[in-house]
Amino acid sequence: MLVGRESQLCVLEGVIARARTGRAGVLVLHGDAGVGKSALLSAAASGLDDVLVLRVSGHVAESDLPYAGLHQLLAPLESTLDILPVPQRSALTRALALEAGQPADRMATASAVLRLITHAAESRPVLVIADDFPWLDPSTRQTLIFMARRVDADAVAMLIAQRGRLRDDLSQIGGALEVRPMPAPEARDLLRGEHPEMSSMVAGKIIERAAGLPLALIEIAAALSEQQRQGSEPLPTKFPIGDYIEMLYEARLSRLDDAARLALLIASFEDLAPADLTVALSHADLDLASLDAPERDQLIRIADGRCVFAHPAVRGAVQIIATAYEIERAHEALAATFADDVARFALYAQGCRSIDDEDVAMALTRAAQQAEGQGAFVEAASAWEAAAARTMGEGSRRTHRARAIGCYLRSGSGREALSLLTAMIETAEDDLERAYWQGTWVVATMWVEGRPPANSDALVATGIEMMSVGDSARASLGLDLVMAVASCQFIWGAYGAGKAIIDEVRRIVPSERLPIGHRLTCENLDVMVGAAGAGDFLRSDWIDEIRPEQMADPSVPVGFSGVALGWLDELDACDRVAQRCKEMTTAYTGLAAVKLSIGSMFVISIERSGEWDRAALEYRSAERTSIDSDFTAPYPYIALRRAYLLAAQGKAEDCLELRAQALAAVRRRSPAIDHIDGCVQGLLELRLGNHAAAAEFLAGSAAVERRMGTVVSGLTSRFTDQFESYWRLGRAGELSAELAEFAAAGERMRHPTMIATAARCEALLADDDEMDAAFERVVRLEAARINAFESARTHFLWGLRLRRARRKGDARRHLAVAETAFAGLDAVGWLAQVRSELAACGERRVGAGADTPGPLAALTPREFEVAKAVAAGASNTEAAERLFISQRTVEYHLAGVFRKLGVANRRTLNAFFTPET
């Protein structure tokens, strides 16, 4: 009986009703074990004759079987695989181990699942139910999360249930519904409905013990005799419930004979097909009749030859009360049943003493290789690690652990990788092997801990010593170790420390002899510290030398180098690198890290040109890419870059909300994060006219820069923002030395924006009779490079100086230019200041429509992505494949794009986008 859950059931039915109208809905149910989530899901799925129900339930016993949940979920759609394009069908069949081949790309596999389900939804609504979500295998969990983020204009409803508090990876994929314990009055109604003869006193004691969990209420009552329920016999001193909700079933399970318990145990390990269930039982000298007693006791039901458990907790209960001997017998029966199934045989063979350790290790090795081929790297890593524990030879153990490390890193499971790496370093057979693993450990530490290792100096010393020896293999490993530490310092934002390391390297190996990945790292650090000649190699044609396998190598900083070109104001070169990366990621899989950088590179030019609405959408797209991939570390920085844009516009509420969201995702505050965060706060205060607060924040960022060792303006206007705030406070003289250093660095690095903004700071200090000449020089410098924001600021400050010099007519001319530019940028904070100055000059009329944002501002992030793909020439089908959404979703959003932008066809859409992006 479903008592007191009418309002919650209504929420679930609302999600399904939404799907019937062609709009997808996702709802995550969470709450304590036994609180009624499974009952709600079953109630919502019952009687849906017009809906295709796809259901999967996780179980801990299957969590190491690659895509086991996906097999279960897609079984009703297996006959429709032919509707998929060949690349997607191949990815999915390889993931499900239906065919052999290269490892399946996770994104392609998830995209295939999405397309298969949305195609089914074209003929009737689809309900996807995932119960006990955390116990699903990792590959299936990732696929379902991917899908939940992308179903949109599709007749698909997704209901996901998990025990306990809401998981982080489920918190932003749809709505959430907390299923709370049942209040006492409703609990009493439930007990009376199930057992009308129950006495009020007994019901009260059960309600007190069950703590509002419907499953506990029902099962405690079922475990009592009729006389106990009536109150004519004394109750047990301890109700049959322990620390696990599974133990509710202990009493009923203990009444079964040995054969029935063993049969139930065999069936509990996974959802066995009828033929497999029959064979497994026969290997234990049992048959289906052995399950009659559990079925009579309503622990299970046999439906079409399958054993369906009354509740997921029954599975766990059977395994908890089983003896070691019974578990081994069940494993032997299942291993014999799946002797030809690589993954399942390996899973069950581990629990069989009758199978030799080396044979188990060999089975686990085959299972790991198969999982890698399926693209299920978490499961592969677990199998490799288990194989290492079973094998006798030290060499084989180390090889298996090495493969496990690689798989953990590919899956983003950094902490597991670090644990194994530490063991490999401690047990290394010689210093060469130790150096190799130390280099890998350094990179993993950066991604997991968010900071360079504490023993960086010692590692650099070890690597330099190895480089100084003549042996080429030893020198190469030493170089890799040292450069790994330097790369970490770069990513962390400790540019001065990284520069000191690469200077040591180049004293031994000249730059031109370094491998391209290491040379790019050196160049990036040179740029950050403003070294002489910095950027010369970056400005060359190095991108043409990069091969796909190098792009997939995390030691080759292709994306960082493209962004560094943007820092240098080399926008054409930055766009060229981005375009080349885009071409290669389209042709090759496994380049996830580079994909994250493409949007960051393209957005630099877009932001500088003044297309801020579009830039904000590009940033949001990059944030989504980061969250969807295994590389989530860049997300906080990308989000803070968008917050910086909002600060420049003076949109305080949106800026501060996004800033808080970005910082909440930071593992450890790095100098790079501290710097951009201070810039965000300082710029926002400056835009709002709070100059003292701006000066304080920006002085803090300046102090961070000194610790970082950088003088480069890069992608922020930190120095010029600080200078302006000090100038407004009458303190500009305090920054004279810093201004000279900033100007010199701009000239040394041939950085147009730094040169122009330094000149603007000098113009602010010019005498009234030299002011016009100084500002005219700034305008000429800015004309050499498009930067709509900085140009608008120049005219605003020029107008401000003219108004203070009582030249109001001249001031109005420059303030009007600034007003138009800031209005185009939707920079509301600046507009308020400009209009205040215009009013002080006697200007009373504000231009009509000046506050109207650009047309792209009306688009949602998804509409923007669709519009961009179509403008680049993609068909609806191609756009769907590129964005990993359904074709129906593309069509739905494209209609919205046409309406909002006022265009009639795909050709006129091109005017809103540059061809390369």
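Welcome! The model is a predicted one, in which local features need pLDDT of at least 70 and side-chain atom pairs count only at pLDDT 80 or more, while totals for chains, interfaces and linings use all residues. Residues are numbered from 1 along each chain as its sequence is written, and side-chain values use heavy atoms, with hydrogens and water left out. Helices (H or I, at least four residues) and strands (E, at least two) are DSSP runs, numbered from the N terminus.

**The sheet**

- Two strands pair if DSSP finds at least two bridges between them.
- Six bridges join β2 to β3 (residues 126-131) in the parallel sense, and R55 has I129 in β3 as its bridge partner.

**Two helix pairs**

- Helix α24 (residues 472-492) and helix α25 (residues 495-508) have axes that come within 8 Å and cross at roughly 160°. The two are therefore roughly antiparallel to each other; angles under 35 degrees count as roughly parallel, over 145 as roughly antiparallel, 65 to 115 as roughly perpendicular and the rest as oblique.
- The contact (heavy atoms within 4.5 Å) involves residues of α24 including L479, V482 and F490, and residues of α25 including Y495, I501 and V505.
- The residues of the contact of α24 with α25 divide into eleven nonpolar, two polar and no charged. Here Ala, Val, Leu, Ile, Met, Phe, Trp, Tyr, Cys and Pro count as nonpolar, Asp, Glu, Lys and Arg as charged, and the others, Gly among them, as polar.
- For helix α38 (residues 752-765) and helix α40 (residues 788-804), the axes come within 11 Å and cross at roughly 5°, which makes α38 roughly parallel to α40.
- In this second pair, T757, R760, A763, L764 and L765 of α38 meet E790, R793, T794, L797 and R801 of α40. The residues of this contact of α38 with α40 are four nonpolar, two polar and four charged.

**A covered helix and a buried histidine**

- Eight of the ten residues of helix α9 (residues 214-223) are buried, so the helix is mostly covered; buried means under 20% relative accessible area, exposed over 50% and partly exposed in between (1.4 Å probe, protein chains only).
- The buried residues of α9 include P214, L217, E219 and A221, and their cover includes α7, α8, α10 (226-230), α11 (250-254) and α15 (312-321).
- H195 sits in the loop between α7 (184-194) and α8 (200-210), and is buried, with a relative accessible area of 13%.
- Leaving aside residues up to four places away in sequence, H195 touches A221, A222 and R229.

**Positive phi in two loops**

- Most residues other than glycine have a negative phi.
- Y67 has a positive phi, near 60°; Y67 lies in the loop between β2 and α3 (68-74) and is buried at a relative accessible area of 0%.
- D569 has a positive phi near 70°. The loop between α28 (558-567) and α29 (571-587) holds D569, which counts as buried at 0% relative accessibility.

How values were computed:
Axes fitted to C-alpha atoms, helices over the stretch in contact; angles between N-to-C directions.
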